[in-house]
Amino acid sequence: MGQEDKSDMMSLKARVAQALNAEREKDEGCTTRLSTLRLIDAAIRDRDVCARGRGDSEGCPDADVRNVLDTMIAQRETAAREHDDAGRIEDAIREREEIEIIRKFLPEPLGTKALEAAVEEVVDDLGATKLKDIGRCMSALKQRYPGKIESGTAGKVMRKALTGQKAAAK
């Protein structure tokens, strides 16, 4: 349990590097996990190079790494669907395995109750009363809970909170 506490405090880059080194030490050949970790590491290094080119000497922040991981998941979900449609089941299975490996580095999304409470808090803090406030509220929600918000689900909860509040105000 102590190691989990440390990994929560570690940057995403450090966690990926640690997992990659541990996988290399196993010396089991090239597994799906090892190849996926290498792809993640390469994408992070690419972002680091871009960040250093902009003058950020520490490389890309965790928010950028989370965006990279989210993008990698989206790409694999699309590829898995395409493989399914084309009848290439083994390839679809491999894509889904990679998705699970990548997801292990992302924080757990907020559960339903926690998300509803977070939405209510943001709506109250911002004094939002109309559906046109949804963009401002979603932006604040994502800032307060980076990486823990699923946009689609949060948007539905936000709409429900704003329309429920609007109906109560009448």
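**Exercise 1.** At roughly what angle do the axes of helix H6 and helix H7 cross? Using this predicted model, work out how the pair is oriented and which residues form the contact.

*Solution.* Begin with the axes: those of H6 (residues 112-126) and H7 (residues 134-144) come within 10 Å and cross at roughly 120°. Angles of 65 to 115 degrees count as roughly perpendicular and those over 145 as roughly antiparallel, and H6 and H7 are therefore oblique to each other. The handedness of this crossing of H6 and H7 is right-handed. Turning to the residues, H6 contributes Leu 115, Ala 118, Val 119, Glu 121, Val 122, Val 123, Asp 125 and Leu 126, while H7 contributes Arg 136, Cys 137, Ala 140, Leu 141 and Arg 144. Sorted by class, the residues of this contact of H6 with H7 comprise nine nonpolar, no polar and four charged.

**Exercise 2.** Describe how H3 and H4 pack, giving the angle, the handedness and the residues that meet.

*Solution.* The axes of H3 and H4 lie 10 Å apart, and the two helices pack at an angle of about 135°, which makes H3 oblique to H4. The crossing in which H3 passes H4 is right-handed. On the H3 side the residues are Leu 39, Ile 40, Ala 43, Ile 44 and Arg 47, and they meet Val 65, Val 68, Leu 69, Met 72 and Arg 76 of H4. The contact of H3 with H4 is made up of eight nonpolar, no polar and two charged residues.

**Exercise 3.** Is Ile 73 buried or exposed, and with which residues is Ile 73 in contact once neighbours within four places in sequence are left aside?

*Solution.* Ile 73 is placed in helix H4. Its relative accessibility is 8%, and because buried means under 20%, Ile 73 counts as buried. With neighbours within four places in sequence left aside, Ile 73 is in contact with Ile 99, Ile 102, Arg 103 and Leu 106. Finally, Ile 73 and Ile 101 are 28 residues apart in sequence, and their C-alpha atoms are 9.7 Å apart in space.

Methods: Residues are numbered from 1 along each chain as its sequence is written. This is a predicted model: local features need pLDDT of at least 70, side-chain atom pairs count only at pLDDT 80 or more; totals for chains, interfaces and linings use all residues. Side-chain values use heavy atoms; hydrogens and water are left out. Axes are lines fitted to C-alpha atoms, for helices over the stretch in contact, and angles run from 0 to 180 degrees between N-to-C directions. Helices (H or I, at least four residues) and strands (E, at least two) are DSSP runs, numbered from the N terminus. Angles under 35 degrees count as roughly parallel, over 145 as roughly antiparallel, 65 to 115 as roughly perpendicular and the rest as oblique. A crossing is left-handed if the near helix is turned anticlockwise from the far one by less than a right angle, and right-handed if clockwise. Contact means heavy atoms within 4.5 Å. Ala, Val, Leu, Ile, Met, Phe, Trp, Tyr, Cys and Pro count as nonpolar, Asp, Glu, Lys and Arg as charged, and the others, Gly among them, as polar. Buried means under 20% relative accessible area, exposed over 50%, partly exposed in between (1.4 Å probe, protein chains only).
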